[in-house]
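Dear colleague,

Please find below the structure that I am handing over to you. A short account of the findings follows it.

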Amino acid sequence: MKYKRILLKLSGEALMGNRQYGIDPDRLAEYAQDIKTITDLGVEVAIVIGGGNIFRGVAGASKGMDRVQGDHMGMLATVINGLALQGALEDAGLPTRLQSAIKINEVAEPFIRRKAMRHLEKGRVVIFGGGTGNPYFTTDSAAVLRAIEIEADVILKGTRVDGIYNADPEKDAKAIKFNNISFDDVLRKGLKVMDTTAFTLSQENKLPIIVFDMNKKGNLLKVISGENIGTVVNV
Ligand code: UDP
């Protein structure tokens with residue numbers, strides 16, 4: 001296996017499957033199977049989960065809601081998704097721990113770096129909920145932050161698109177995919193991989209990002225094995 005410890009970032013929207021809102025249990029079960037396959041091979045897996053399928057602070061703010069209030073709702077949404085994912089992983093037979101950046105002790109452990117790393121060493125999948133615990137951030141920033149903290153080898157950003165293109169492939173049929181691209185080139189070309197805060201944090205810490213299609217069964221294993229099926233962003 002090319003990577004020993006990974007941080008997998010799943011957006012909230014990924015959990016919707018083909019629905020318009022909420023969580024698709026079948027999609028969750030598929031993800032759980034893919035994650036089990038790689039943990040069975042000894043890969044240590046930490047996951048940061050988004051909340052966009054339930055609530056986004058900016059969306060609330062655009063309708064007149066207080067932004068910080070909305071972001072608190074968004075962070076709680078990521079805890080809900082974390083619980084759903086934890087259930088699916090447990091159904092697949094995987095030991096898991098959910099750690100939250102906001103204290104919600106009856107529901108999830110608080111985020112404690114050393115504890116998270118110990119869980120990983122013991123083969124438990126660690127899900128990080130609650131984002132960074134701060135408003136005005138995204139779960140992409142949480143993913144990069146946690147990945148650096150737990151010394152992950154790479155961030156795997158599982159999306160429904162199979163990599164980074166020079167134009168939006170869902171709108172432009174002539175869009176060309178990059179197999180590899182540098183952090184500098186992503187910024188120079190104005191490509192969207194993550195929000196700027198998350199992206200530059202990854203760049204400054206030389207943490208590679210792989211964007212790939214998580215919705216195709218077996219892709220996660222391919223990425224871990226070093227097969228380049230998505231786009232690798234590196235220094
Ligand atoms: N959020 C936040 N701080 C964080 C992470 C998330 O306030 O550190 C809130 C924010 O309102 C965001 C929402 O939680 O819109 C859901 O997270 P995100 O939009 O990153 O989810 P995704 O796009 O991955 O589904």
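Leu 10 is found in strand S1 (residues 5-10); strands (E, at least two residues) and helices (H or I, at least four) are DSSP runs, numbered from the N terminus. The model is a predicted one, in which local features need pLDDT of at least 70, side-chain atom pairs count only at pLDDT 80 or more, and totals for chains, interfaces and linings use all residues. Residues are numbered from 1 along each chain as its sequence is written.

Leu 10 counts as buried because it has 24 C-beta neighbours inside 10 Å (buried means 20 or more other C-beta atoms within 10 Å, exposed 12 or fewer, partly exposed in between, with C-beta atoms placed from the backbone). Ser 11, in the loop between S1 and H1, has 23 such neighbours and is therefore buried. Leaving aside neighbours within four places in sequence, Ser 11 is in contact with Gly 50, Gly 52 and Thr 159 (contact means C-beta atoms, placed from the backbone, within 7 Å).

Turning to helix H1, its buried residues are Leu 28, Tyr 31, Ala 32, Asp 34, Ile 35 and Ile 38. Seen down the axis of H1, these fall within an arc of 165°, so they line one face of the helix (the arc is that of the directions from the helix axis to the C-beta atoms). Asp 26 and Asp 40, on the other side of H1, are exposed. Just after H1, Gly 42 takes a positive phi of about 95°.

Yours sincerely

Technical notes. Contact = placed C-beta atoms within 7 Å.
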